[in-house]
Structure formats: C-alpha cells, structure tokens
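Subject: A structure to look at, with notes on one helix

Hello,

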Amino acid sequence: YTLYEGVGSVKSIDESMKLGANHPMGPLELADFIGLDTCLAIMNVLHEGLADTKYRPCPLLTKYVEAGWLGRKTQRGFYDYRGETPVPTR
C-alpha cells in the first residue's frame with residue numbers, strides 16, 4: 001500500500017529496505033522476481049484463509065496482474081525490464 005498511497009516511489013521504497021534493513025533487494029523488486037501473479041495468489045489465500053484485512057491485496061497489485069504486468073517473466077511489473085537496466089514504471 002505504500003506505493004499505492006503515494007508515500008514513496010518504487011525506487012525509494014526498494015532503496016529504503018535495502019539500506020535500512022540490509023535486504024539484498026527491495027520488496028517491489030522481490031515481488032517482480034517472484035511474479036506479481038504469484039504474490040497476488042498468496043495474498044488472496046492469506047486474506048481468505050485467515051480473514052484478516054492486513055492480508056487484503058493492494059488494488060495496485062490486482063490492477064498490474066489484470067493488465068498482464070507480472071514482473072520479470074513478462075518484462076514489466078513495478079519495473080520495466082525491456083531495456084538494459086530496469087526502470088521503475090511509476
């Protein structure tokens with residue numbers, strides 16, 4: 001929801017987690033690597049199975065999956081992978 005609500009950009013969210021939490025990749029980069037469709041499916045299972053709103057999928061994630069933006073496997077997700085270096089799509 002951080003990106004959806006405009007709290008930060010794709011790049012700033014990923015950089016914050018890499019620098020602040022010493023993660024090897026940011027959460028949006030990781031989601032692209034896993035596959036946005038897979039992330040959405042996991043969120044739906046957690047939300048329905050646990051009936052907890054904290055697992056409710058973000059509308060932006062749903063929108064990207066419906067548009068066919070599935071991350072690295074389709075060359076487009078939170079980043080555009082069609083060029084030499086990944087570029088944030090938002």
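The buried residues of α3 pack against α2 (27–34) and α4 (59–66), where contact means heavy atoms within 4.5 Å and buried means under 20% relative accessible area, with exposed over 50% and partly exposed in between (1.4 Å probe, protein chains only). This is a predicted model, in which local features need pLDDT of at least 70 and side-chain atom pairs count only at pLDDT 80 or more, while totals for chains, interfaces and linings use all residues. Residues are numbered from 1 along each chain as its sequence is written, and side-chain values use heavy atoms, leaving out hydrogens and water.

Helices here are DSSP runs (H or I, at least four residues), numbered from the N terminus. In α3, the buried residues are L36, C39 and L40. Seen down the axis of α3, its buried residues fall within an arc of 95°, taken from the directions from the helix axis to the C-beta atoms, so they line one face of the helix. The face turned away from that buried side carries V45, E48 and G49, which are exposed.

As for its neighbour, α2 packs with α3 at an angle of about 100°, their axes being 6 Å apart; the axes are lines fitted to C-alpha atoms over the stretch in contact, and angles run from 0 to 180 degrees between N-to-C directions. That makes α2 roughly perpendicular to α3, a term for angles of 65 to 115 degrees. A31, D32 and I34 of α2 meet L36, T38 and C39 of α3 in this contact.

Best wishes

Conventions. Helix = DSSP H or I, 4+ residues; strand = E, 2+ residues; numbered from the N terminus. Parallel < 35°, antiparallel > 145°, perpendicular 65-115°, else oblique.
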